[in-house]
Amino acid sequence: MKIEYADILIVGAGAAGAAAAWNLSKTKARIVCLEQGPLLKKSDYSFNNPKREINKLYNFNSDPNFRNYKQDYPIDNKNSPISIANFNAVGGSTLIYSGHYPRFHPSDFKTQTLDGVSKDWLFSYYDLEKYYNLNDKIMGVSGLSGDPAYPKIENLNEPIEIGYSGKILAKSFNKLGWHWWPSYSAVKNSRRYQKGLRPTVVETYLKKAQQNGIILKENSTVLKIKMLNQTEAAGVIYTDKDKNKIFLKSSIILLAANGIGTPRILMNSANKDYPNGLCNKSRQLGRNLMLHPLGFIEGKFNKYLASNEGVEGCSIFSHEFYETKKNREFKRGYTIQHLRSPGPIETYYYLKKFRKIKLGNNFLKNFFDYYGKSIQLAVICEDFADQNNKVELDFKKKDQSGMPGVKISYKLSKNSKKMLTHGINQCKRLLKCAGAVKIDAFGPVRNTGWHLVGTARMGNSPKNSVVNKFGKSHDVKNLFIIDSSIFPSSSGVNIASTIQAVSLMITDEIKKHVNLWKK
């Protein structure tokens with residue numbers, strides 16, 4: 001077997017891995033980043049590609065079971081009402097995300113103390129604040145300062161235009177006396193591009209990291225981590241694009257393969273000392289999966305709202321129902337997010353799926369009676385850690401390298417169900433206030449498992465957690481996890497901004513000791 005060497009190995013080149021690669025590239029260490037997917041041309045995945053809508057439905061569909069690319073692994077979702085979504089390529093899910101980029105609230109870091117749910121983080125919002133600020137600058141986050149739902153956030157780019165439909169919604173929020181604010185968006189304003197320019201981590205972090213000398217290896221699937229002894233990892237075995245097995249020795253290993261991929265690698269690395277999976281003496285690996293149950297609410301209007309124009313997912317949002325209130329039947333809360341309507345191709349597939357349109361003489365009339373005349377909202381619910389919501393290896397279904405796929409076991413809690421019902425009802429109230437003549441709603445939406453949280457959570461005790469506050473494994477001294485696996489709570493917002501802020505914080509700590517790891 002061929003042998004390669006690194007001082008620092010990063011597994012995964014998505015949001016967390018890319019931020020880590022850039023931050024560590026400032027050292028003189030030899031850094032290798034392995035990504036199981038390919039490095040795609042920007043013109044292929046660009047959000048402004050003329051084939052953007054077709055790409056979103058097919059080549060860049062968020063469901064790996066639908067895509068079934070050679071870099072994807074099978075995911076059995078039959079025991080979950082929410083299907084797992086991801087994208088395996090250099091850049092990860094930032095190649096398909098909407099660019100909605102909010103931060104967590106300060107309360108999200110102490111949910112156990114405040115509300116007796118999930119677990120507290122081992123650091124606060126304010127410990128992470130400088131990394132949020134740094135990440136906002138690198139990713140080019142647009143927004144408006146002064147949001148009463150957050151501590152002071154400054155130095156943002158000009159906010160995205162909220163559009164005519166956003167203005168209608170804003171008036172309704174004001175009538176009801178509810179909080180709303182322009183979205184925080186990793187999107188650059190552009191008059192040329194109606195949908196805005198969404199930078200991915202390929203253009204922001206990875207480009208700079210490669211200029212600083214990090215080695216990026218695409219189409220490289222990590223099969224397992226090999227141990228030097230009971231407490232120290234020796235490196236990883238991975239397969240390259242030609243299916244050759246290679247042993248890459250490394251002094252330190254950083255896992256950034258997302259909340260499903262990271263526990264999958266660790267479970268597949270089981271050995272006689274770790275029969276239940278590497279870093280799993282606590283028996284918490286793969287457990288406490290959180291997925292953000294999502295409700296969808298759509299209001300139909302009798303006039304054209306241009307609701308299909310502008311950046312999808314980035315208009316306005318509300319945190320009116322984000323924090324726990326005593327008079328509600330549930331703890332914690334949710335975000336209301338204005339999604340904007342999709343383009344004509346996606347609109348047709350949506351109408352066809354729900355039998356709202358059919359081909360024939362009245363097709364165009366029926367289509368334009370709908371297109372641009374609806375306002376779509378999402379309710380993004382905070383999810384709580386539950387031992388029984390978990391990821392396991394699936395030995396019956398394997399990927400092309402022979403590595404087992406995964407099985408998901410997940411149920412909505414009573415709290416989530418009550419929260420989802422409340423959110424849908426409040427959104428109906430909002431849309432009715434805005435003048436909607438017909439309202440449709442349902443939830444949880446199945447294909448929305450984008451936010452993968454909690455499967456290797458942080459904690460002080462090795463008895464009930466997988467890593468410490470800096471993502472360092474309690475069991476393996478030179479192995480770190482830097483993705484959302486380590487989050488002990490899920491918040492009620494998109495997790496991308498916090499993933500990258502946490503990755504930057506952890507790698508800042510690693511940089512203090514990097515000379516101890518260099519070969």
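Author: Buried means under 20% relative accessible area, exposed means over 50%, and partly exposed lies in between, with a 1.4 Å probe and protein chains only. Phe173 has a relative accessible area of 2%, so Phe173 is buried. Before we go on, two notes. This is a predicted model, where local features need pLDDT of at least 70, side-chain atom pairs count only at pLDDT 80 or more, and totals for chains, interfaces and linings use all residues. Residues are numbered from 1 along each chain as its sequence is written, and side-chain values use heavy atoms, with hydrogens and water left out.

Reader: Where does Phe173 lie, and which residues is Phe173 in contact with?

Author: Helices (H or I, at least four residues) and strands (E, at least two) are DSSP runs, numbered from the N terminus. Phe173 lies in helix H7, residues 163-176. Contact means heavy atoms within 4.5 Å. Leaving aside neighbours within four places in sequence, Phe173 is in contact with Trp178, His179, Trp180, Ile316, Ser318, Ile336 and Leu430. Take Ser318: it is 145 residues from Phe173 in sequence, yet the C-alpha atoms are 8.5 Å apart in space.

Reader: How do I read a nonpolar core?

Author: A nonpolar core is a set of buried Ala, Val, Leu, Ile, Met, Phe, Trp, Tyr and Cys residues joined through side-chain atoms within 4.5 Å. The largest one here has 105 residues, and Ile225 and Leu254 touch the most other members. Apart from it lies another core of 39 residues, among them Ile168, Leu289, Val406 and Met419.

Reader: What does Leu254 touch?

Author: Not counting residues up to four places away in sequence, its partners include Ile8, Leu9, Ile10 and Val11. Phe480, Ile482, Thr507 and Ile510 are also among them.

Reader: Now salt bridges. How many does the structure hold?

Author: A salt bridge is a side-chain nitrogen of Lys or Arg within 4 Å of a carboxyl oxygen of Asp or Glu. The structure holds 23. One of them joins the side chains of Arg52 and Glu312, at 2.6 Å from N to O. This pair links distant parts of the chain, 260 residues apart. Arg52 is in helix H3 (residues 52-57), and Glu312 is in the loop between strands E9 (294-300) and E10 (316-318). Arg52 and Glu312 are both buried.

Reader: Why does the salt bridge of Asp108 with Arg332 tie together parts apart in sequence?

Author: The closest N and O atoms of Asp108 and Arg332 are 2.9 Å apart. Asp108 lies in the loop between strand E3 (75-79) and helix H5 (111-115), and Arg332 in the loop between E10 and strand E11 (334-338), so the pair ties together parts 224 residues apart in sequence. Both Asp108 and Arg332 are buried.

Reader: And Asp508 with Lys511: where do they lie?

Author: Both are in helix H13 (residues 496-512), three residues apart, about one turn of the helix. Asp508 counts as partly exposed, because its relative accessibility is 24%. Lys511, at 25%, also counts as partly exposed.

Reader: Last one: Thr347 in helix H10. Is Thr347 buried or exposed?

Author: Thr347 has a relative accessible area of 1%, so Thr347 is buried. Not counting residues up to four places away in sequence, Thr347 touches Pro342, Phe367, Tyr370 and Tyr371. Helix H10 (residues 344-353) also holds Tyr349. Tyr349 is partly exposed, because its relative accessible area is 34%.
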